[in-house]
Structures are given as C-alpha cells and as structure tokens.
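Trainee: I have not looked at this structure before. Could you take me through it by question and answer?

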Amino acid sequence: MDTTVKTHDTKDFTDGDGSQVAGLQPFLHDAVVTLYAPSFAISRPDGQLGGGADGFYHGDSRALARLTVAADGVALAPVGGALDGADSATFRGVLRGLGEVTPDPAVTLRRSRRVAPGQLTETFELTNAGGQDVRVGLVVTATTDLAPMERVKTGRPTPPVAATAVDGGLAWEQDAFAVRLTSTAGPEIDARAGQLRYDVELAPGAVWTAVLHCSAAHDTGDQFPAPTAGSVPWRTPELASADHRFDHWLSQSAADLDRLRLTDPEDPADQFLAAGAPWFLTLFGRDALWAARMLLPLGTSLAAGTLRTLARRQGVRSDRDTQEQPGKILHEVRRSEQTFHDSFGLPASYYGTVDATPLWVTLLHDAWRWGLAPEEVEQLLPHAESALAWMRDHADADGDGFLEYIDETGRGLANQGWKDSSDGIRYRDGRLAAPPIALCEVQAYAYEAARGGAALLRAFGRPGADRWEEWADRLRERFRAHFWVEDEHGRYPAVALDRDKRPVDSVTSGFGHLLGTGLLDRDESALLAARISAPDLDSGHGLRTLSSASVGYNPYGYHIGSIWPHDTAIAVHGLVRAGFPDEAAPLAAGLLTASAAFDARLPELFAGHGAANAARPAPYPASCRPQAWAAASSVLVLQSVLGLSADVPGSTLTLAPAFTEAYRPLTVTGLDLAGHRLDVSVSPDGAAQVTGLPAGTTLIRG
C-alpha cells in the first residue's frame, strides 16, 4: 500500500526465538487486532501485549507498549483466543497446577478486551472450578514509550516513559499526549516497575474480577474523530449463499468497515474510511476513494463524505516539499511530519500520488450513477473541473500526453501509484524503471475520469464535455501506440513507460485495472483476460502483483509477487464489465479460499506462493489487518457476481448474474439504490429477482 518502510540496509536480524530486533519493521501475521478508529490494540494470540508493534494506540501514537498478566510461581498456559467482532476479543488460559487434584484444569483466566475511541477496557476473570481453596498473586505489568506510529514501524526502539502512580493505577504524559490506566479490585501500585499487584483468594466455585481501563488523548483532540454511534453511512448487507465462506467474508468485512470509519472535523457529518490498522489508520486519498467506490451498492453517503473531505483539502498552489499542485487530491494526512530515516520522510499533508485525482472524479461520476442527489453532485463539480485540469496541466509535466510522476524532493515516495514501494516498477529482467514514470493503470483511470467528467459536465449544463471526450480519445490512441509490447505469449500493455518513454515490459496485475474502463477495445480486453487467467498471475488465491516468470518475482515482495485482495477484486469487476465472467470466476473463488484461511478478515496483502504450493496462503508478515479496501472487496466481488450496475439518472438498474453457479441459491438483503433498499435473490436454476426498485426504474436483465 503506502509509505512502505524498507529496512534492507540494516544489519539487524531476529533473535533466535524469532522476536523483533531493532531496525526491522515489526511482523503482524499472528497478531490479534481489535479496532475502533482512531484507536486499536495489537496483541499476541494469547492476549498479551508486549514486543514488536504490540500495544494500545490512539491517533497514531502508542498509548501502551506492554500490558501483560502473570501469576506468581504459576505457569499461565494459553488455551484459546479469538475476535468477537471488530472491536473486542476474548482470551482464555489455565493456571497450571493451581488447585488441581486430577489432570483437569481447575483455575482459569478469562481475559476480555474491548476498544473504543481513546479507550481500552481489559477484564480479567479468575474462576476456581476445583474443589480446593486457592491463593495466588496476580501481576499486571503496564509500560509505554508513547512512540509515534512511524517510529514503531521502523522497528527502532524508543526509550520508555516513566509512570506516575495515580489513584487505582498509573499515568504517563509526554509531548501533549496523556495516558491513564486504572483498575478496580484495589491493586498494589508499583509505579517504578509499572505493575499492578493483586492478592487473590478463591474458594471452590468462586470468581474474582478486575477491570482495567486505559484512556488516551492528545491535548489538541483527535485529528479525525470517530463518528457518533449509529451513524453508519451505508446499509449493512446480509448474504445467504450456498458458499458460507462468502457469507462469513461479507459479514466480517462489514464489521471491520464499521470500525474503520472516521469523520472530517471540518464537518463531522462527512465520514470516510481510514486505510487500515496499524500503519495507515488515517486519511489516504487513494484508499478512501477505492473503498467508497467498492461500497456504492450499499449507498452513496460514504462516497459523498469521502469526496467532500478530500475536496476540502484539494490542492490550490504548487509546493515542491508537499508535492501539492492546483486541483490535486492528496495522498495522506498525519498529525505531524513523519521521519522514517535520513532519506525518507513525509510532511504531515502529503500529495505524492498520481492516481487519487482521477479516482476522485470517477467516484463522483459513479456515485451520481448510483443515486447521489443532484444538488450534492453539483456542489462538487467545481472540484471535478479542477481535478480534470490537473490531469492536463500538471500531471503531464513533459507534454507527451500521459500522466506521470517523479519525486522531486528525494525524500518522498519514489513510486506514486498504488504500487508505491521503491522496487515496485521494474522490467521483466529485474531492472528498476527510472522516473518520470507513466503507469498503465493511471492512464486507464485518467481515461475513465475524462469520460465520466464529460458526462457530468454535460448532464449539469457546464461547458467542456466535448473537449474532455476528445482528450480521452487522444489518450486512448496514444496508449495503444506506446504501451503495447509483445513476448512469446503475445501482445500486452507494459506496466509503465520510463523516463526515456521505453515500455517497462513486466507482466503484472495492472491488467485488471485496465479492463472495463473503456481504454481497451474488445480484442485487447480478450488478450488481457487470457493473460490474467494464466497461472503465472492467477495463483489460485488471487492475482500476483508480478508474474512468477519475471526476474525479481518474490512471493513475499510487497508489490513484486504478493497478492492484494483489492487488486484481485478490481480485476474480477473489470473482467465482468469487459464481458469475461468465465475468467473472473476463478479469481473470485481464489479470494474466498484466502478469506477462509484468514478467518474472513482478509489482510492488506498476503504471500503469492499460490494454491499449487499450499492449500492455505501464507501471510505477508507486516501486513495491515483489517484494511479498508481489502474488506470492501467483498462487496465489489458480490456486485460482480450479480452483474449489478446502476444508472439512476437514466432510471435503470442492470442485473446480469455473471458466475453464480457456485453460490446459488443466493439471497442478499440490504443493497441500496438512490436511498431505496434493494434485495436480490438468485434461485438454484439461476433465475434472478429484485425487490425494492424505486418507482419509475427499469430493470435490465443481462
């Protein structure tokens, strides 16, 4: 995804026990993440917080780095732990040998966790199911470094902050960030050691409980506050299908998306989705736009809030340091400047993205088609005109007709498309492409934005529609002339053009982003559909970002062989839009297999080994989970399965079930068209029905 920290130049490695060593990005693959943006907690599978990226976080700062429990002289053996939704989890352990007279456990610890904005609640419950009185000393250790998120991500240690004793607990404060931990059950406080001690006596059948409450706050308040309860800006769908993996994936995704919501402090009614936990729990232009677009079948309110939040921060001047330009949509916003190392740091508001601006225009167009109120669309049209002008006047710095990027600061992102790691754009022989770089998918986004922008301008009686359609037509022809290359398997578009306008000829998942945009004709789309279906890209668990036949392919490479759920879902939708549902079906099936392996909470990305090597995909160890566009992919895949597309201004809804055989009978309730609830069902024989169509809307069956 974004702002990847590369630490390949360090000489630090893991200890012999596999724990994190300073200088390497912490691993997360076995972490349990409980989330309620802008807060979250990361722990081990046994519930203990301590080491690596573990901790309780609020607003891009670590409030607690350690919260562990131990029993004096007694081994605490974990026996299970799991999420209870998105914001809570439960962990169980046995106090080995305590009160036991048979091989059966007698004394157990149940640890329950719940996260809310700025709040962490941990409930410890000791139960004596044995026949003897027991006595045990329970010790909770709590420490923190109050480190900023970018410091945690680098893996470099931050000195601990000393605690002070307060009534019933501990407190820490530094740089206008204050944390307070209190407990019931009257513990003995040792501030120097950061410990709360309890002497517990339990008769047979007795239960002892202590509740710890941690609060965290910045003096200046939350940069992007949590929304008020009950204000979810979409309908929550329910799916009942023949493949229960699909139902579970959609349900867990809906829960995670609910807890990823944030608001714009300039207008708290406007909500958007934070990109993901732990690294990206803030506003990211590209991610928020894609996630909102994927959720359009559930309503247009999230899209409207996302569009307005980004429009308020749309570029108005040229600034080399932040890479702001007039009309440009930003990349990310943080509380303060991020410094990862001497040669990589980002300002608090950073505009280093080449694709968020055309994606903004396309989301506005698609939201209009799904029923965003005309007055809301019209209010945003000046921003759309500015965004279109940016594509023409600023994104094409050398006047060759393509959108391209280059990091002029030497400290920002070297690559500024969604594959934004420093080694993400390379030739088939492994060489890195030299900037300025024009990405293939960005040209497709720009084409779609120009066509969609023209439709908006014409519909609302504003000038320029013909001019933007002509611009799109010229881009289409230039793309056909300059991007297409050929290998032993035939013709395909290069992933990019480099600074000398040479095609960067690697075979990538970028093909999926071109399909269905209108940039390609039918024959060109057929070539890419065949390429996507080949085993070097289709791993059986989703699309590899880079062909396994390429030099430099790495199944653990962030953008050079791994699998990203959103990337695969975009390809599924693109294939269906382009008329190739048979090629889309295996990709969707691969995502369902992967979702089951990750307990229905698909991560940001996972390793690209593929089904031929293992039935279950291996995690990418530092991946965010949950991630907004990975969760939203479940809705885009469902939309693709149903073949749903909307044209509210034209008073039509298209329903063209594309590849439902594996999922029917299928019923989904809680879709949305122009504020009206839609329910869709597909019977065992493939007959599809829709209920709830707005009056005057014509159903077109594909």
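This is a predicted model: local features need pLDDT of at least 70, side-chain atom pairs count only at pLDDT 80 or more; totals for chains, interfaces and linings use all residues.

Trainee: What is the distance between the end C-alpha atoms of helix α2, and which span should its residues give?

Mentor: Helix α2 covers residues 244-259, which is 16 residues. At 1.5 Å a residue they should span 22 Å, and this agrees with the distance between the end C-alpha atoms, 23 Å.

Trainee: Which elements cover the buried residues of α2?

Mentor: A residue counts as buried under 20% relative accessible area. In α2 the buried residues include Phe246, Trp249, Leu250, Ser253 and Leu257. An α-helix has 3.6 residues a turn, so residues three or four places apart point the same way. Among the elements covering the buried residues of α2 are the helices α12 (581-597) and α13 (628-642), and the strands β1 (32-36), β18 (238-240), β19 (261-264) and β20 (267-273).

Trainee: Which strands stand at the edges of the open sheet of 5 strands?

Mentor: The order of this sheet is β3-β6-β11-β16-β15, with antiparallel pairing. Inside it, β11 (residues 134-143) and β16 (residues 195-202) pair over 8 bridges, and Arg135 stands opposite Glu201 in β16. An edge strand has a single partner, so one side of it is left without a neighbour in the sheet; the edge strands here are β3 (49-50) and β15 (188-190).

Trainee: Which residues form the covered face of strand β17?

Mentor: In a regular strand the side chains alternate between the two faces of the sheet. The uncovered face of β17 (residues 207-218) holds Val207, Thr209, Val211, His213, Ser215 and Ala217. The covered face is made of Trp208, Ala210, Leu212, Cys214, Ala216 and His218.

Trainee: Which residue of β17 is the bridge partner of Val179?

Mentor: Strand β10 (residues 119-128) runs antiparallel to β17 and is joined to it by 9 bridges, with Glu122 opposite Leu212. Strand β14 (residues 177-183) also runs antiparallel to β17, with 7 bridges. The bridge partner of Val179 in β17 is Ala216.

Trainee: How much space lies in the largest cavity?

Mentor: Rolling a probe the size of a water molecule over the atoms shows where empty space is left. The count comes to 6 cavities of 30 Å³ or more. Residues lining the largest cavity include Pro38, His58, Asp60, Phe224 and Arg335. The space in the largest cavity is about 110 Å³.

Notes
Residues are numbered from 1 along each chain as its sequence is written. Side-chain values use heavy atoms; hydrogens and water are left out. Helices (H or I, at least four residues) and strands (E, at least two) are DSSP runs, numbered from the N terminus. The expected span of a helix is 1.5 Å times one less than its number of residues. Buried means under 20% relative accessible area, exposed over 50%, partly exposed in between (1.4 Å probe, protein chains only). Contact means heavy atoms within 4.5 Å. On a 1 Å grid over the protein atoms alone, a cavity is a set of points where a 1.4 Å probe fits but cannot get out, and a pocket is an open set with protein on both sides within 12 Å along at least five of seven lines; lining residues have an atom within 4 Å of a point. Grid points are joined across faces, edges and corners, and a volume is the space filled by probe spheres set on the points. Two strands pair if DSSP finds at least two bridges between them.
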